[in-house]
Amino acid sequence: MARSVLTADQFSKEQLVHLLDLSSRVEKALGRRRMLPILNEYILATLFFEPSTRTRLSFESAMHRLGGRVITSVGMQFSSLSKGETLYDTLKMVESYADICVIRHPMEGASQIAAKNISIPVINGGDGASQHPTQGILDLYTIHKYKKLMTDKIVIAFVGDIKYGRTIHSLIQYMSHFTGEFIFISPEELRLPEKYRKYLDEKRIPYTETEDINYLKEADVGYITRVQEERFLDHKEYEKFKDFYVVNSEMLAKCRSDIIIMHPLPRLSEISTDIDDKPQAKFFDQARNGLYVRMSLLLDLLGVPLGELDK
Amino acid sequence: MARSVLTADQFSKEQLVHLLDLSSRVEKALGRRRMLPILNEYILATLFFEPSTRTRLSFESAMHRLGGRVITSVGMQFSSLSKGETLYDTLKMVESYADICVIRHPMEGASQIAAKNISIPVINGGDGASQHPTQGILDLYTIHKYKKLMTDKIVIAFVGDIKYGRTIHSLIQYMSHFTGEFIFISPEELRLPEKYRKYLDEKRIPYTETEDINYLKEADVGYITRVQEERFLDHKEYEKFKDFYVVNSEMLAKCRSDIIIMHPLPRLSEISTDIDDKPQAKFFDQARNGLYVRMSLLLDLLGVPLGELDK
Amino acid sequence: MARSVLTADQFSKEQLVHLLDLSSRVEKALGRRRMLPILNEYILATLFFEPSTRTRLSFESAMHRLGGRVITSVGMQFSSLSKGETLYDTLKMVESYADICVIRHPMEGASQIAAKNISIPVINGGDGASQHPTQGILDLYTIHKYKKLMTDKIVIAFVGDIKYGRTIHSLIQYMSHFTGEFIFISPEELRLPEKYRKYLDEKRIPYTETEDINYLKEADVGYITRVQEERFLDHKEYEKFKDFYVVNSEMLAKCRSDIIIMHPLPRLSEISTDIDDKPQAKFFDQARNGLYVRMSLLLDLLGVPLGELDK
């Protein structure tokens, strides 16, 4: 079993700090040069059993910027799976064709199946409602970039769908290694699952739960999420919540002047476009940060020499 | 806002002449070498919200021949759009992942939205019935290659669907910078729109409108088009027109011996396969010319040094 | 017409031996280096009119390992074909965009149409129930790798769907150049077609037909195949045969200790996963061997110098 990125809880603080440092080095190097030819001899396979254009293009761009090659397959129904092949057999083939792979699959645990059975590193690019660990690392890197993550206490207000938002759950886990305080702003029906409340209690991480958006005023970071229609069986329930909170310029004016507003994207109406050009709006920067973080992950998992980064 | 290729009317004569010259240089260089390693450090994103295999592969091949990298996404329903994301947000991501992009979209103006909001050059790869400006430039280059476009008057007979044929409308605009005379051969119902007749009148460009295919005999260039089924609400209307004109070897024998027959492809029955091997048939050459023109556009928009072209 | 790979019967013994040797050289070279930069200046087009992720990724990985570039199009309905364009016109475009192409098409003979009309080498990546010649060569290479194909008589037991299994039919043709003996183990309804029985009789190649799986005990090679649901009009017929034979560890214990078990994949239940880790199981190795064989074919068809292989 090769080193793989499967879940948020697999990372130690040391590993996270290492990845944040590496991402900074990559970002600086890309400021000087368009390409960093380190993975010229490597092939990345992106296997997307469900579409996620943003995540896929982010990884593919990361691989190209490192000089590598990409093979890709997109579509719910991989041809062989539709003939009844097991996921295991389908994934097994990729070790002959690539040196590292990203797997996106609607089924929880699909990446684990791959990692256990194939000899190349596997990156979980999202498996159902469960995990999307690389998104959480790029969120952490974004906080690190604009706030003093290593030394200060960071107050993060999560707004929206705290129940189903898997990127929130990942980020909570990553933040548990640093000094943070959380404010969860959501309708009662979409509050943080019991499991994560227990997690925070055990780690003695302070948090507040509220329905009141005005708590956003106390935050260093506002992490806004979309209420995901696909999680509701009852469309009426969804309609009730989808515009529950809207962060606009009026709201922003009440917040700390140095707050940063993040969002894992895609967004709907929960962030008004009238704040897109404000300096506090970092949700498009997050996408760019994803590039640096994913480049770092590719480098780290393949264990290549990094001298080229400092040229 | 970066330099972009959005509409046919954005080009001055000087810019067109420059592109034709550059395309000739590229063509000559590719006669000596398989690859021209100029864009080694650049990534092209091809975002095809509707499929167009020919246009997409043409751009991707162009980028590869210049040593560059390609990331691609094809499909009406981009994953995030299907979750309700705006086109603006979807397009915004691409500036983090690529250095230049081609966008094909069923909606008029989609490329303009992109170009206004993102910091990398945008090429309009076709937006609805509206514009497909790079096709027009390769048509112009094809005429330039086989006829004396810079000095002589070129008589072009357009045959078929003059009403909806967007490549015809683009080529009219490009040709307005040179000395041309147009013959529009179509059924009454598919004649040139008022808008373009006024355009020609204002520019004092001579033209003739007729239903009679025999006017093709007077042309230096025969530009044949497919009657596009998808433009007709009434299938019977379409059936009436689809085989209205057929250019075959018999017809060709009546034309000037040095006429060139062009077609933007795909063709149906409007050009008989019995002329495919004739020297006048240039419609497959057009596809090859598209490669040179698209390589030139990529080079020009990215503003890179071109010394490599003359090696 | 360029040199192309269209059918199993086009190969002479000399050509096959040459390809097997070349594949061995490629395999050895890849043991020393990750990439063999020989086709840096070439573009491969993979045109998959029906999906076959395994075959496509295998060719694309092969091209990348040789330093080449790839453009790809996947989907039953190529955009221009859906507008009524002929297959000929669609395929014609590819010669402008690539230096070599792989075509997968549900229609028998599609690759031949391409090869007759375009000026670059064409590789048949599978056309309907008819041919899949590169799969047969990788099967042959697998036998060559583990058995003394050049000198000894190889007893191959084919198990399962001998009637529709196109990879079996190809391998029979390839094996006819070497010394082999065949055992066909299938239900009566899925026995070897008359055409191939005649073929074997003419070539005086000994074979046995039986329903009894115990004949597997006499084989050097067990070539197991999936009963393909898509070949049956009557679902009940399919149900009757799909689990007719199952090769598991119990069965394997009765076979020669040095038997190798092959399968063209995807497999369903005809090979039990309890033998996946046995040294006799070579079906995942086959996929890897496909990489070497496809790299050899690309090299051979493009006729490039091979000095790089021995560095």
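This report walks through a helix pair, a chain contact and a symmetry relation in a predicted model.

## Helices α1 and α12 of chain A

Let's start inside chain A. Helix α1 covers residues 13-32 and helix α12 covers residues 283-302; their axes come within 8 Å and cross at roughly 115°. Angles of 65 to 115 degrees count as roughly perpendicular, so α1(A) is roughly perpendicular to α12(A). The crossing of these two helices, α1(A) and α12(A), is right-handed.

## Where chain A touches chain B

Next comes the contact between two chains: chain A gives 19 residues and chain B gives 18 residues. On the side of chain A that touches chain B, the elements giving two or more residues are α2 (53-65) and α12 of chain A. The largest share of that side comes from α2(A), with 7 residues.

What classes of residue make up the side of chain A that touches chain B? There are 9 nonpolar, 5 polar and 5 charged residues on it.

## How chains B and C are related

Finally, here is the relation between two of the copies. Chain B superposes on chain C by a rotation of 120° with 0.0 Å of shift along its axis, and the RMSD is 0.0 Å. The two copies are therefore related as by a three-fold rotation axis.

Notes:
Residues numbered from 1 in each chain as written. Chains lettered and ligands numbered in written order. Predicted model: local features only at pLDDT ≥ 70, side-chain atom pairs only at ≥ 80, totals over all residues. Axes fitted to C-alpha atoms, helices over the stretch in contact; angles between N-to-C directions. Helix = DSSP H or I, 4+ residues; strand = E, 2+ residues; numbered from the N terminus. Parallel < 35°, antiparallel > 145°, perpendicular 65-115°, else oblique. Left-handed = near helix turned anticlockwise from the far one by under 90°. Contact = placed C-beta atoms within 7 Å. Nonpolar A, V, L, I, M, F, W, Y, C, P; charged D, E, K, R; others polar. Least-squares fit on C-alpha atoms with pLDDT ≥ 70 in both.
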